[in-house]
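I opened my notebook and went through the model one place at a time.

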Amino acid sequence: MATVSLTGASKEDAATVFGVLRNVFPTDRPADDPPEEQPGGHAAVWSAEFEPTREWSPPGPATLEGSVSATLQGEYRAVDQLLEALSAAFAVQEQGTASGDQEKEVDLRLGTKE
């Protein structure tokens, strides 16, 4: 299990990222639960949990309106599979990593592949 948190994104871009991952891995977010803007102009953070599986098919490329900051946090295998899936769909820049005994965290910048 791993958590994906998105910041610095429009609700449409957040929906695109979660949609790509939802098509590949089981998630705790139903398909009819799109990201919503926060009232008052506050910066939004959208999160969802995904359960990567042993066998999965890489997604095709997806288009974003802007760049999206993503943090992946969870079991090593789960984070690695999420990163692989995101790399298949988006241009990915790794911003930093932190590792522990049972979990790791990876900070990314996602964009549209050229």
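**Entry 1: Glu49**

I began with Glu49, which sits in strand β2. I took helices (H or I, at least four residues) and strands (E, at least two) as DSSP runs, numbered from the N terminus. The model is predicted, so I noted that local features need pLDDT of at least 70, side-chain atom pairs count only at pLDDT 80 or more, and totals for chains, interfaces and linings use all residues. Residues are numbered from 1 along each chain as its sequence is written, and side-chain values use heavy atoms, with hydrogens and water left out.

Buried means under 20% relative accessible area, exposed over 50%, and partly exposed in between (1.4 Å probe, protein chains only).

I then listed what Glu49 touches, leaving out residues up to four places away in sequence: Met1, Ala2, Thr3, Pro26, Thr27 and Asp28. Contact here means heavy atoms within 4.5 Å. I also checked Thr71, 22 residues from Glu49 along the chain; their C-alpha atoms are separated by 12 Å.

**Entry 2: helix α1**

Next I looked up α1. It has 12 residues and reaches 16 Å from its first C-alpha to its last, close to the 16 Å expected at 1.5 Å a residue. The expected span is 1.5 Å times one less than the number of residues.

Which residues of α1 are buried? I found Asp13, Ala14, Val17, Phe18, Gly19, Val20 and Leu21. Their cover includes β1 (2–7), β2 (46–50), β3 (68–75), α2 and β5.

**Entry 3: α1 against α2**

I turned to the pair of helices. Val17, Val20 and Leu21 in α1 meet Leu82, Ala85, Leu86 and Ala89 in α2. I sorted the residues of this contact and got 7 nonpolar, no polar and no charged. Ala, Val, Leu, Ile, Met, Phe, Trp, Tyr, Cys and Pro count as nonpolar, Asp, Glu, Lys and Arg as charged, and the others, Gly among them, as polar.

**Entry 4: a salt bridge**

Last, I looked for salt bridges (a side-chain nitrogen of Lys or Arg within 4 Å of a carboxyl oxygen of Asp or Glu). The count came to 1. Lys104 and Asp80 form it with their side chains, at 2.5 Å from N to O. Lys104 lies in strand β5 (residues 103–111) and Asp80 in helix α2, so the pair ties together parts 24 residues apart in sequence. Lys104 counts as buried, at 17% relative accessibility. Asp80 counts as partly exposed, at 37%.
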